[in-house]
Amino acid sequence: MANTPQGGIPPPRDSVAGLLADLGHAARAGHGLPAVPAGTAHRFGMDALTVSALHDGLPELVWCDPADGIGPELEELQFTLGDGPTLQAARYGRSLIELDLPTADPARWPTFLPAAIPTAARTVIAIPLQLGAATLGVLTGYHSTPATLTTARQRDLRRLSRVLLFLLLNSTGTAPEDETGPRAHLILHRAEIHQATGFLSLELGIPLDQALARLRAHAAAHDQTTTDLAQALLTHRTPPEALNR
């Protein structure tokens with residue numbers, strides 16, 4: 001009999017169906033997104049998977065597999081540019097697929113596509129995580145080979161999205177507390193951006209939404225990520241007055 005790791009989550013099974021069953025049990029036990037094991041992206045035939053939760057109307061990266069690479073890279077790019085598949089799925093609450101980014105209609109994502117094409121990503125799928133009519137987050141998958149999303153793979157990713165929704169609910173505390181499992185806390189990958197937005201709002205005397213818009217616009221204009229600019233502001237390497245122009 002296999003040993004059960006600390007926290008009550010059993011080792012993941014090899015098959016997609018087995019992994020989905022294990023994640024379903026974890027969700028019912030009150031576990032959150034940390035219950036999703038490393039290597040899940042490859043089990044579902046993708047090079048990267050990300051989950052973003054809606055935070056003040058914008059997708060906030062809260063989980064990715066693997067932890068670095070094209071997943072978080074392209075989510076950061078979308079956040080900086082305000083354009084791309086994750087944002088579109090969040091905004092309209094509909095799944096979308098692009099089988100080959102370099103041949104996509106340039107009008108689809110006019111600022112995201114030119115920046116994404118030089119990366120390794122070729123295929124992308126974005127699936128909204130919905131509770132009723134409300135979109136709470138987005139599951140986005142990336143692959144470095146074009147046209148890799150078979151019908152079976154798309155079906156498996158949609159099944160995964162339904163499980164991830166409940167793990168996300170457990171992570172945010174929206175779901176009822178379950179005494180059989182610990183409450184997981186979301187790791188906000190853009191915590192520095194939120195801190196820099198508040199700092200800029202106070203320094204320039206502008207609303208938070210305007211401060212965030214200036215952060216994103218300045219980062220895009222200077223070929224920076226929003227995270228890099230936020231770090232520069234918080235460490236006083238970039239003065240807030242530089243964004244007041």
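Colleague: Which side chain does the side chain of S52 make a polar contact with?

Modeller: A polar contact is a pair of N or O atoms within 3.5 Å; within protein, one must be able to donate a hydrogen and the other to accept it, and residues adjacent in sequence count only if both atoms are side-chain atoms. Here the partner of S52 is the side chain of E75, at 3.4 Å. Before we go on: this is a predicted model, where local features need pLDDT of at least 70 and side-chain atom pairs count only at pLDDT 80 or more, while totals for chains, interfaces and linings use all residues. Residues are numbered from 1 along each chain as its sequence is written, and side-chain values use heavy atoms, leaving out hydrogens and water.

Colleague: Where is the place of S52, and is S52 buried or exposed?

Modeller: Helices (H or I, at least four residues) and strands (E, at least two) are DSSP runs, numbered from the N terminus. S52 sits in strand β1, residues 48-55. Buried means under 20% relative accessible area, exposed over 50%, and partly exposed in between (1.4 Å probe, protein chains only). S52 has 0% relative accessibility, so it counts as buried. Contact means heavy atoms within 4.5 Å. Leaving aside neighbours within four places in sequence, S52 touches residues including P59, E75, T86 and L136.

Colleague: And A38: is it buried or exposed?

Modeller: A38 counts as exposed because its relative accessibility is 69%. Look for A38 in the loop between α1 and α2 (40-43). From C-alpha to C-alpha, A38 is 8.5 Å from A67, although 29 residues separate them in sequence.

Colleague: How many residues does the largest nonpolar core have?

Modeller: In soluble globular proteins, nonpolar side chains tend to be buried together. A nonpolar core is a set of buried Ala, Val, Leu, Ile, Met, Phe, Trp, Tyr and Cys residues joined through side-chain atoms within 4.5 Å. The largest one here has 30 residues, and L33, L157, L160 and L167 have the most contacts inside it. At least two residues each come from α1 (16-28), β1, β2 (58-65), β4 (123-131) and α6 (151-172). Helix α6 gives the largest share, eight residues. There's also a second, separate core of 17 residues, with A48, L101, V138 and Y142 among them.

Colleague: Why is the pair of W109 and F112 called edge-to-face?

Modeller: Rings of Phe, Tyr and Trp (its six-membered ring) pair if their centres lie within 6.5 Å; planes under 30 degrees apart count as stacked, over 60 as edge-to-face and the rest as tilted. Searching the whole structure turns up one aromatic pair. The ring centres of W109 and F112 are 5.9 Å apart and their planes meet at 85°, so this pair is edge-to-face. W109 and F112 are both buried.

Colleague: Where is confidence lowest, and where is it highest?

Modeller: pLDDT is the predictor's confidence in each residue, from 0 to 100. The protein chain averages 84, with 86% of the residues scoring at least 70. Helix α7 (residues 191-204) is lowest, with a mean of 77, and strand β3 (residues 96-98) is highest, at 96. Over residues 1-7 the pLDDT is below 50, and this stretch has eight contacts in the model beyond near neighbours in sequence. Residues 174-185 also stay under 50, and the model gives them 23 contacts beyond four places in sequence. Where pLDDT is low, the predicted coordinates should not be read in detail.
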